[in-house]
Amino acid sequence: MKKRVDVAGKVVLITGAARGMGKLWAEHFARDGARLVLWDLDQAELEKTAAELQPRSGRKQGRWRRADRPPSDVRTAVVDVTDSRRVHEEAAATAAEFGPVDVVVNNAGIVAGGKFEEMPEAKLAAVLDVNLKSLVWLHSAFLPQMLARGTGHFVNVSSASGFIGVPYMPTYAASKWGVIGFTESLRLEMELAGHMGIRFTLFCPSYVDTGMFRGVRAPLLVPLLTPEKAVQQGYAGFRRGEYMVRVPLMVRFTPALKALLPQKVFDSVSEILGVTTSMRDWRGH
Ligand SMILES: NC(=O)c1ccc[n+]([C@@H]2O[C@H](COP(=O)([O-])OP(=O)(O)OC[C@H]3O[C@@H](n4cnc5c(N)ncnc54)[C@H](O)[C@@H]3O)[C@@H](O)[C@H]2O)c1
C-alpha cells in the first residue's frame with residue numbers, strides 16, 4: 001500500500017523555484033506548512049517568489065497562528081545546479097543553518113528546440129547539464145544526509161518526452177529519458193539495500209503552458225496543461241505517495257502502447273496524433 005507523504009514542518013528544497021512550475025510546487029508545499037529552500041539562477045525573481053510565499057507558510061485557514069509558525073520559513077540561494085561544487089557547498093550550509101532537507105524537488109530544466117544539425121554544441125551540453133547532470137549532483141549532495149537519518153524523498157521532474165521520441169528536441173528527450181533511468185535505478189538500489197525510508201516520485205507532464213514550449217502544437221488527446229493544473233496533479237500524486245505521476249491521462253497509456261504496438265504502427269499513431277510534429281514551430285525559452 002502507498003504511504004501518504006506528510007509535509008508539515010518538513011524542509012523542502014525546490015530547484016528552478018523562481019518561476020513556472022517550480023514556483024507552483026513551492027506554493028503547494030508552503031500552503032501545507034513546509035519550510036522551503038528555493039534555488040534558482042535568477043536572483044531577482046527568486047526574491048520576489050520568496051516574498052510572496054513567506055506569509056503563506058504555516059498559515060491555517062487564512063490567518064496566522066503564532067504557534068504553528070516555524071521560526072524561519074523560506075531560505076533562498078542563487079545556485080547553478082550544474083555546478084556540483086556549489087551544490088555541495090549550499091547543501092552543507094542549508095543543513096547547518098536551516099535544518100536537514102527532507103524533500104528535494106529536482107525541477108530546474110531548460111530546453112533547446114530546432115533542427116539537431118543546426119544546434120550549437122554548447123546549447124546541447126547545457127540541456128544535458130541542467131536536466132540530467134544536475135540530478136546526479138543533487139542526489140550525491142543530499143542522499144548521504146537522508147541515509148544517515150533514514151528518511152528522504154526525491155521528486156524528479158521528467159516529461160512525457162521521457163518515454164517517446166520527439167523530433168526537434170532529441171537532446172531534451174534524452175535528458176528526460178535519463179531522469180527516468182537514473183531514478184528507476186537508484187530507487188531499486190535503495191530497496192535492495194533495505195533503505196525503505198528513501199522514496200522517489202517521477203513527475204512526467206506533457207506540454208505545459210509556462211513559456212518553455214511556446215509555439216508547440218499540443219497533440220490530439222494530449223491537451224496543453226495550465227501550469228496550475230499540471231502541478232496540482234503532480235503534487236497530489238506526490239502526497240498520495242505515488243512513484244510515477246503522468247499527466248494528462250494519455251501519457252499514462254503511452255508506455256503500454258509503445259510496448260504493445262509494432263514500431264511502425266506506434267510511429268503512425270504518433271504522427272496522426274501530432275506528437276511527431278508538435279515541436280516544429282517551437283519558439284519557447
Ligand atoms: N513546460 C513544459 O511544457 C514542461 C513539460 C514537461 C516537463 N517540464 C519540465 O518541468 C520543469 C519546469 O519547467 P517550467 O516549464 O516550469 O520551466 P521555466 O522555464 O518556467 O522555469 C525553469 C526555472 O529553472 C531555472 N533554471 C534554469 N537553469 C537553471 C540552473 N542551471 N540552475 C538553477 N536554476 C535553473 C530558471 O531560471 C527558471 O526559473 C523542467 O524540468 C522542465 O523540463 C516542462
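Helices and strands are taken here as DSSP runs, helices of at least four residues and strands of at least two, numbered from the N terminus. The model described is a predicted one. In these terms, L221 falls in the loop that links β6 (198-205) to α6, and although L221 is not a glycine, its phi is positive, at about 70 degrees. L221 counts as partly exposed, because 14 C-beta neighbours lie inside 10 Å. A second residue with such a backbone is Y168, which is not a glycine and has a positive phi of about 75 degrees. Y168 is located in the loop between β5 (152-157) and α5, and it counts as buried because it has 20 C-beta neighbours inside 10 Å, the cut-off for burial being 20 or more. Most residues other than glycine have a negative phi, and most peptide bonds are trans.

The ligand is surrounded by 28 residues, of which G16, G20, M21, G109 and T210 are the closest. At least two residues of this shell come from each of α1 (20-31) and β2 (35-40), and α1 makes the greatest contribution, with 3 residues. Sorted by class, the shell comprises 14 nonpolar, 10 polar and 4 charged residues.

Helix α1 also packs with helix α6 (residues 227-239), at an angle of about 50 degrees and with the axes 9 Å apart. This angle makes α1 oblique to α6, and the crossing of the two helices is right-handed. On the α1 side the contact involves G20, M21, L24, W25 and H28, which meet P227, E228, A230, V231 and Y235 of α6; by class, this contact has 7 nonpolar, 2 polar and 1 charged residues.

The contact is made by L124, V127, L128, N131, L132, L135, V136 and H139 from α4, together with T171, Y172, S175, K176, G178, V179, F182 and L186 from α5. The residues of this contact divide into 10 nonpolar, 5 polar and 1 charged.

Technical notes: Residues numbered from 1 in each chain as written. Predicted model: local features only at pLDDT ≥ 70, side-chain atom pairs only at ≥ 80, totals over all residues. Near = placed C-beta within 6 Å. Nonpolar A, V, L, I, M, F, W, Y, C, P; charged D, E, K, R; others polar. Contact = placed C-beta atoms within 7 Å. Axes fitted to C-alpha atoms, helices over the stretch in contact; angles between N-to-C directions. Parallel < 35°, antiparallel > 145°, perpendicular 65-115°, else oblique. Left-handed = near helix turned anticlockwise from the far one by under 90°. Buried ≥ 20, exposed ≤ 12 C-beta atoms within 10 Å, placed from the backbone.
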